[in-house]
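Biologist: I'd like to learn how to read a model like this one. Can we go through it together?

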Amino acid sequence: MKTPWQPTLLAMLLIVAGCATPTSQVALTGNVLVDGPNAIANGPPRDRVLWQYRTAAAAMRQGNFGLARQQLDDAIRTLGGIYGNDPGARKARSYFHGEDKKTFIGEPYERSMAYIYRGIIYWMDGERDNARACFRSAEFEDSDAENREYAGDWVLPDYLDGLATAKLGGDGMDAFKRAQSLARGVKLPPYNLKANTLVFLEFGPGPAKFAGGQYGEELHIRTVPSPVTSARIGVDSLRIPVAPTDDVSFQASTRGGRVMDHILGNKAVFKSTTDTIGNVALIGGIATAAASRDQTTQEIGLGIALAGLVSKVVSAATTPAADTRTWDNLPHYLSFACFPLPAGPHVLTVEFLDPSGRALANLTKTINLNITAADRDKVVFVSDSSATPQTL
Amino acid sequence: MKPLFAKICVPLCGVAVAAFFAGCASSGVKNPSGVPVTHMNADEQGFVAGTGVESQDLVHVADKMARSILDIPQIANASTAPTVVLQPVDNQTRFPINKDIFLTRIRAQLNSKARGKVMFLARNQMEALEKERNLKREGAVTASANPMVQEFKGADYFLTGSLQGISTRTAAGTSDYILYDFHLIDARTSGIVWEDSAEIKKQGLEDAAYR
């Protein structure tokens with residue numbers, strides 16, 4: 001009797017095809033300010049926050065703080081409502097879906113950066129207490145690192161928490177001391193309550209995620225050295241050297257193990273085990289069927305081979321891949337300076353310096369400032385990829 | 001007797017075809033028939049919840065404060081309605097919020113439930129009010145009373161408050177405690193004539209996929 005191989009093979013293909021999930025793809029142009037809004041509107045909902053993050057960062061560098069505010073507010077709403085039953089997260093934990101099936105909110109360093117950017121915009125809008133709330137949340141997002149030494153160890157959010165508190169009439173010294181204790185090798189300037197010009201700086205390429213391990217189940221962070229390692233601010237007769245206060249790549253790579261890494265590890269073991277069982281059953285079953293002249297033995301052999309095939313299919317369908325979606329336009333370093341300026345127009349320049357202290361001429365930014373009142377803070381945000389000149 | 005392999009093959013093919021069509025029918029589509037609009041009461045927790053300040057907290061706190069203010073003798077026994085100016089609330093929590101929403105709701109509650117007992121002054125509209133008064137003084141627009149007489153009222157009391165929080169995150173989850181404190185300050189003496197507070201604590205644990 002002829003053994004029906006073809007229907008069995010077809011059945012396997014149908015099962016695999018039936019499990020495949022098409023995803024909505026968005027054509028990318030490479031311009032975040034085009035791709036972001038397009039992906040937010042038409043892309044997979046689970047990537048919405050990722051594109052909101054990217055769009056907000058790009059918008060801030062173009063001086064479009066309204067767009068950044070809108071994107072960050074929506075992203076932070078998603079970020080704050082992740083408790084309880086979530087189908088996407090459940091799917092990400094299952095054997096047969098990758099981690100990237102969950103709604104993206106980012107790793108703690110990415111969530112912290114979302115709050116830091118939003119805090120800067122709140123301060124710009126004159127809402128110091130909401131800015132402080134964001135800096136506190138930035139620190140909070142980083143507070144469950146596996147190694148407690150690295151929990152809540154951002155410098156700038158603590159420093160700004162204290163500065164906002166002091167400017168609001170409170171005592172910001174606790175936060176200042178905390179920030180100073182975290183600042184490795186940097187002496188933080190004491191709070192100057194007359195400083196009405198606050199300059200936030202960011203520079204260098206930020207961290208990226210990549211997958212490692214046999215099945216891509218391990219999440220790793222790739223960092224590259226920054227061609228810019230410090231900056232210099234010039235305004236009126238002032239020349240202010242600015243060292244980095246926070247290293248975003250350091251924050252990204254010091255979180256330690258995640259609970260999800262354990263789940264992905266289990267998935268990888270399951271995938272490996274089912275694959276091995278499949279190999280053994282397939283080879284053993286086919287060998288038994290081929291070696292025997294007894295029909296019953298042949299059928300048993302083929303049955304074992306079929307079970308092996310099923311095990312191989314299950315193994316193939318198991319997806320232990322880590323989520324490598326990355327907020328890919330983050331900076332390497334953050335820094336900050338503040339100083340008093342009298343009311344009136346001023347021209348502020350920011351030079352970004354290489355490790356030897358030379359200014360990288362093509363990165364110099366010019367900002368035309370109009371200080372309307374000495375008692376109202378003027379907040380300036382400058383990135384090494386900012387548009388120049390800007391008028392604030 | 002049918003061969004064992006053929007016996008296995010037929011149901012397997014059936015299951016595969018069913019899986020194929022089931023997979024195609026729902027793949028990539030979440031809530032294919034949509035989710036109808038759900039009306040929620042502002043004081044109930046919705047299906048989208050975090051550990052931060054939410055509408056049910058606002059309703060609970062503002063209602064409590066409005067009831068409490070009306071009971072104090074300075075307002076309950078006043079012969080003429082005291083004038084109150086709202087001062088911004090100080091948000092000391094880790095949650096960025098529209099903090100004025102608390103005072104707006106307290107004011108709305110007091111104005112609707114205890115009409116005439118308290119008068120709120122629209123200090124946030126002073127620029128427009130002064131502009132209108134100047135137009136009247138210049139005769140550019142009509143006036144129902146002598147515009148040269150100063151009628152803008154001074155405050156008897158300032159109503160303000162603060163939101164303070166304690167936040168904790170461990171492997172067991174996230175916990176946020178918020179103390180909502182409001183007080184009424186006598187504008188003449190600087191004395192605090194009324195103060196009340198409400199406390200809300202929330203805890204949650206994210207899905208393991210986010211930990």
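Biologist: What percentage of the 392 residues of chain A count as buried?

Modeller: This is a predicted model, and in it 45% of the 392 residues of chain A count as buried.

Biologist: How many helices and strands does chain A have?

Modeller: Chain A has 12 helices and 11 strands. Its radius of gyration is 27 Å, well over the 21 Å that the globule rule gives for 392 residues, so chain A is more spread out than a compact globule. Along the principal axes, the C-alpha atoms fill a box of roughly 100 × 45 × 40 Å.

Biologist: Let's pick one helix. Which residues of H4(A) are buried?

Modeller: Start with the general idea: an α-helix has 3.6 residues a turn, so residues three or four places apart point the same way. Now the case here: the buried residues of H4(A) are Phe65(A), Ala68(A), Gln71(A), Leu72(A), Ala75(A), Ile76(A) and Leu79(A). Viewed down the helix axis, they fall within an arc of 130 degrees, so they line one face of H4(A).

Biologist: What do those buried residues of H4(A) pack against?

Modeller: Helix H3 (48-61) and helix H6 (108-124) of chain A.

Methods:
Residues are numbered from 1 along each chain as its sequence is written. Chains are lettered from A and ligands numbered from 1 in the order in which they are written. This is a predicted model: local features need pLDDT of at least 70, side-chain atom pairs count only at pLDDT 80 or more; totals for chains, interfaces and linings use all residues. Helices (H or I, at least four residues) and strands (E, at least two) are DSSP runs, numbered from the N terminus. The radius of gyration is taken over C-alpha atoms; the globule rule is 2.2 Å times the number of residues to the power 0.38. A residue is buried if 20 or more other C-beta atoms lie within 10 Å of its own, exposed if 12 or fewer, and partly exposed in between; C-beta atoms are placed from the backbone. The arc is that of the directions from the helix axis to the C-beta atoms. Two residues are in contact if their C-beta atoms, placed from the backbone, lie within 7 Å.
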